[in-house]
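Here is a quick tour of one model, taken a region at a time. Keep the viewer open as you read.

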Amino acid sequence: MTQTHHTSVSLVAQTCGPLSGTITPPGDKSISHRSIMFGGIAQGRTRVRGLLEGEDVLSTVAALRAVGAKIAKEGEVWQIDGVGLETMAEPSGVLDMGNSGTSARLLIGLLGARPFTSFFTGDGSLCKRPMGRVTVPLEQMGLRFMSRVGGRLPLAVTGPERVQPITYRLPVASAQVKSAVLLAGLSAEGVTTVIEPVPTRDPTERMLRAFGAKLDVTKMDDGADAIALTGRPTLMGQEVQVPADISSAAFPMVAALLREGSEVRLMNVGINERRAGLLHSLLEMGADITLENKRDLCGEPVADLLVRGSVLKGATIPESRVPSMVDEYPVLAMAAACASGTSRFIGLAELRVKESDRLALVAKGLEAVGAKVEVEGDDLIIHGNGQPPRGGATIATALDHRIAMSFLVLGLATPEPIAVDDGSVIATSFPSFVELMNGLGARIGEGA
Ligand code: S3P
């Protein structure tokens with residue numbers, strides 16, 4: 001259980017006027033984690049600009065320091081002097097991953113494949129999340145695990161003298177599982193292949209290549225991608241510029257849509273197609289969002305998003321969209337609760353194993369603020385009437401940053417305020433959330 005102790009801070013959002021202004025949302029969480037990991041095991045120096053300084057990424061920083069990487073912040077730039085893949089040291093203590101599933105799953109692959117023993121733990125949320133999805137393929141590669149029943153943290157992992165390269169077909173659409181296997185494959189002699197039937201986010205592939213690994217993607221007969229990584233590459237330090245995270249931009253985006261007369265510009269936002277499902281869904285719901293100044297930033301497509309207050313209608317979001325917006329369903333549900341007509345979000349089983357059971361908590365929270373919702377199997381159905389629901393409830397955030405931010409965004413539109421019992425969890429991915437939102441005209445403050 002947790003070593004990081006938070007003092008809970010209740011936050012409350014009240015109806016506000018139109019939002020306006022220009023902000024750069026914080027750096028992409030997935031790219032930030034990988035820049036620290038790959039910089040940490042590369043030779044030479046990596047310099048990272050725009051790193052997300054959220055608690056999740058700081059857990060990754062602490063872990064890479066524990067294996068010997070030198071990581072320091074100079075002005076706005078994070079400088080990493082890599083320890084080298086083969087020369088990583090056995091961590092002397094237990095690695096606390098806090099709330100971060102990405103840190104835990106990727107580092108279990110990366111460190112677990114080294115010929116030493118690592119101990120991993122996390123907070124009360126992370127210790128409930130399934131790790132079997134990574135330990136099963138990693139055991140096939142020769143890693144040995146001792147974990148809690150059901151494959152839960154805390155766990156210990158010992159790497160073999162020789163890591164076995166495998167071919168692994170992903171049974172769940174998960175970039176974390178894909179990445180865990182590939183990162184263990186870095187230590188294997190030969191080619192490790194992950195077969196991905198449905199595309200998931202690809203920062204691991206893009207960045208491993210940029211750091212000098214040989215990684216080939218080919219289409220299989222059934223349409224799946226086969227991602228083949230040649231083990232034991234020499235990775236070289238890089239210059240990384242992290243785009244803003246569309247998963248964080250999502251909160252001011254939906255807030256602006258819900259307040260009539262709003263006009264907000266979100267700068268430098270990553271719009272990689274494998275992450276852009278929220279944009280497609282909101283546009284289908286009638287959102288007024290313009291992509292300006294599309295360009296490339298360090299190999300990632302980015303744009304500035306101009307978002308205006310909009311009249312939204314309900315939409316059916318197919319299961320095929322889940323991987324490209326897996327973290328955005330809670331905030332999309334807030335938009336759907338204010339839209340006219342019924343929205344159906346199909347196939348949300350993966351939401352049940354996030355920082356909380358997001359399917360259950362979104363449904364329960366929306367019901368508490370007076371919205372009409374149903375859960376049918378793994379589908380979420382929201383009946384809107386074109387007006388925000390009543391509000392007037394306190395939502396339990398259950399150590400889930402995105403549940404907290406989603407309901408605070410909704411509270412900016414509801415006639416009665418919405419409170420969350422613990423806003424401190426927002427620091428995992430978006431430490432400047434309250435400040436940036438209030439700078440745009442939101443009314444979020446400390447509660448009773
Ligand atoms: C992430 C992958 C996703 C996402 C998480 C970040 C990553 O998890 O929910 O916030 O950086 O690889 P899954 O791979 O479990 O879907």
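## Before we start

One thing to keep in mind: this is a predicted model.

## Around the ligand

Let's begin with the ligand.

Ser30 puts a polar side-chain atom 2.7 Å from a ligand oxygen. Ser174 also uses its side chain, with an N or O atom 2.8 Å from an oxygen of the ligand. With Gln176 the backbone is involved instead: one of its backbone N or O atoms sits 2.9 Å from a ligand oxygen.

## Helix 3 against helix 4

Now for the helices. Helix 3 spans residues 101-112 and helix 4 spans residues 132-140; their axes come within 10 Å and cross at roughly 15°. Angles under 35 degrees count as roughly parallel, so helix 3 and helix 4 are roughly parallel to each other. Their crossing is right-handed.

Which residues of helix 3 and helix 4 make the contact? Helix 3 supplies Arg105, Ile108 and Gly109, while helix 4 brings in Arg133, Val134 and Leu138.

## Helix 5 against helix 6

Helix 5 (residues 175-185) and helix 6 (residues 203-210) form another pair, with axes that come within 10 Å and cross at roughly 30°. That angle makes helix 5 roughly parallel to helix 6.

On the helix 5 side, the contact involves Lys178, Ser179, Leu182 and Leu183. Helix 6 answers with Thr204, Glu205 and Leu208. Sorted by type, the residues in the contact of helix 5 with helix 6 are three nonpolar, two polar and two charged.

Have a look at the peptide bond that joins Leu153 and Pro154: it's cis, with omega at about -5°. Pro154 belongs to strand 9, which covers residues 152-158.

Arg232 is the other spot to check. Its phi is positive, about 50°, although Arg232 is not a glycine. You'll find Arg232 in the loop between strand 13 (225-230) and strand 14 (239-241).

Last stop: Thr22, in strand 2 (residues 20-23). How far apart are Thr22 and Arg265 in sequence and in space? They are separated by 243 residues in sequence, but their C-alpha atoms are 4.6 Å apart.

Leaving aside residues up to four places away in sequence, Thr22 touches Arg265, Met267 and Leu440.

Methods:
Residues are numbered from 1 along each chain as its sequence is written. This is a predicted model: local features need pLDDT of at least 70, side-chain atom pairs count only at pLDDT 80 or more; totals for chains, interfaces and linings use all residues. Side-chain values use heavy atoms; hydrogens and water are left out. Axes are lines fitted to C-alpha atoms, for helices over the stretch in contact, and angles run from 0 to 180 degrees between N-to-C directions. Helices (H or I, at least four residues) and strands (E, at least two) are DSSP runs, numbered from the N terminus. Angles under 35 degrees count as roughly parallel, over 145 as roughly antiparallel, 65 to 115 as roughly perpendicular and the rest as oblique. A crossing is left-handed if the near helix is turned anticlockwise from the far one by less than a right angle, and right-handed if clockwise. Contact means heavy atoms within 4.5 Å. A polar contact is a pair of N or O atoms within 3.5 Å; within protein, one must be able to donate a hydrogen and the other to accept it, and residues adjacent in sequence count only if both atoms are side-chain atoms. Ala, Val, Leu, Ile, Met, Phe, Trp, Tyr, Cys and Pro count as nonpolar, Asp, Glu, Lys and Arg as charged, and the others, Gly among them, as polar.
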